[in-house]
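Student: Could we go through this one together, question by question? I would like to see how each answer is reached.

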Amino acid sequence: MGLSGALARLAVRATRVLVVEVPGHWATRMEVEHQLLRRGWRPAWTPADADVLAVCGVPGPELSELVDRLWEQMPGPRVRADITSPGTVGSALDAAAALLLDTPHHRTDAQERAQEPEIPEDADHGGHGGMGHGGMDHGEMDHGEMDHGGHGGMDHSGHGGMDHGGMDHGEMDHGEMDHGGHGGMDHSGHGGMDHGGMDHGEMDHGEMDHGGHGGMDHSGHGGMDMAPGGIALAGGGEDRDGLEMDVLHLPLGPVLPFWPAGLVLRCSLQGDVVVDAEASVVDGAGAGGPGPGPAPAAVVWCDQVMALLALAGVEDAAACARRARDALLCGDEDAARDAVERLDRTVRRSWLLRSSLRGVLLLDRAGLERHGLPGHCRGDAHDRLLSRVERIRAEAGGTEPTPAEDGGVPWAVVPDLVTGLELGSVRLAVASLDLDPHPAVQAVGHG
């Protein structure tokens, strides 16, 4: 028992926390991040590697459902911390650390939890409790095992319990069956169909056409769910040259590291290119309870810079931006200036940043006018990063940015901005924008 207790206490020191921010509760989320750093705890990017689920603010009905789904996917031992204000962060994390050592609590949790997470049929927030691409690391993204051949990795060998054990293909004749559109074939009854004694001796498949599986429709497989794990498979759609290509509908958010709180961006992809997008806000703006109000401008800029740098993989620069943000929140002007100066030097000298951000969401003057964007958005993601760091330096040094630099990016234009981008650069593009903190509408879209 003594050894077990010592090992448990040692494990608590390496606790990983999955943070969920209710829209508007930026102050609580920032305090949680500050406390994690002080304790030596680390953030978790997916439910699978999280020990603690920290919910910052009071979520509305829609976000509550997503949080419950994230909770179901966390392995034990697990602890949930509901944190309603910055002042309660320390006590909430202390209580979480104590519960992580409470063996009877975890036994009870293991006995009472569902054996398999429930995923609603209408789940459309990423298929993983709203995580979207929560576990995607742009530095380590691996497409090596992704199989797009034929049916994109789909295994038809089972057909929903179909048993072909006794099927005799020896004299099968495929004469008139046409698979181009599955002319006469009816899949509607494949759910649990038993072909154990089926004899295909008279079946004629001689003129069968498998070309492209163009007309295959699996929508009627006797209720069989063709979206394993709640993740929708690709459908068909026309390409610009008139050919049919697979179109995958993929949501990003609302619970995603370094992502605007509550934003759900539903992308339609052909290959890895976004061909259409629409956006919405979970529970609408501020529906999860009152937050502390808009954050100070320099704090918001530092937080956005930190997110962009973290996504680009430049951890030392991201740490500088976080220190500047925390110092500005605490009112420590000297520490803030020092952190900002170091941030400026690191950003300008980094070749990794230049290579990662150059060409990402390039906006010229005509693009700014078309979308109604402020002047500081001009250029690519790297240009916007340098511009924002300059604005932070001006704020930390006591001077105000020029009026032409004022104003943020409305959330309503985000779908238009990301359309045409490769999926791998969408999160970098969004992080490079100075988004308004609170959308004024519940849903926005790309027509």
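Tutor: Let us begin with serine 268, which is buried, with a relative accessible area of 12%; buried means under 20% relative accessible area, exposed over 50% and partly exposed in between, with a 1.4 Å probe and protein chains only. This is a predicted model, where local features need pLDDT of at least 70, side-chain atom pairs count only at pLDDT 80 or more, and totals for chains, interfaces and linings use all residues. Residues are numbered from 1 along each chain as its sequence is written, and side-chain values use heavy atoms, leaving out hydrogens and water.

Student: In which strand is serine 268 found?

Tutor: Helices (H or I, at least four residues) and strands (E, at least two) are DSSP runs, numbered from the N terminus. Serine 268 touches Val247, Leu248, His249, Val273, Val274, Val275 and Asp276, not counting residues up to four places away in sequence; contact means heavy atoms within 4.5 Å. The strand that holds serine 268, spanning residues 263-270, is β7.

Student: How many residues of strand β3 are buried?

Tutor: In a regular strand the side chains alternate between the two faces of the sheet. On one side of β3, Val52, Ala54 and Cys56 are buried, and on the other Leu53 and Val55 are buried too. For β3, residues 52-56, the count is 5 of 5.

Student: Which residue in β4 is the bridge partner of leucine 53?

Tutor: Two strands pair if DSSP finds at least two bridges between them. β3 and β4 (residues 79-83) run parallel, with 5 bridges, and 5 bridges also join β3 to the parallel strand β1 (residues 16-21). Leucine 53 has as its partner in β4 arginine 80.

Student: Are helices α2 and α4 roughly parallel or oblique to each other?

Tutor: α2 (residues 26-39) and α4 (residues 89-100) have axes 10 Å apart, at an angle of about 55 degrees. Angles under 35 degrees count as roughly parallel, over 145 as roughly antiparallel, 65 to 115 as roughly perpendicular and the rest as oblique. Therefore α2 and α4 are oblique.

Student: Is threonine 84 buried or partly exposed?

Tutor: Threonine 84 lies in the loop between β4 and α4. Its contacts are His25, Thr28, Gly57 and Val58, leaving aside residues up to four places away in sequence. Because its relative accessibility is 47%, threonine 84 is partly exposed.

Conventions:
Axes fitted to C-alpha atoms, helices over the stretch in contact; angles between N-to-C directions.
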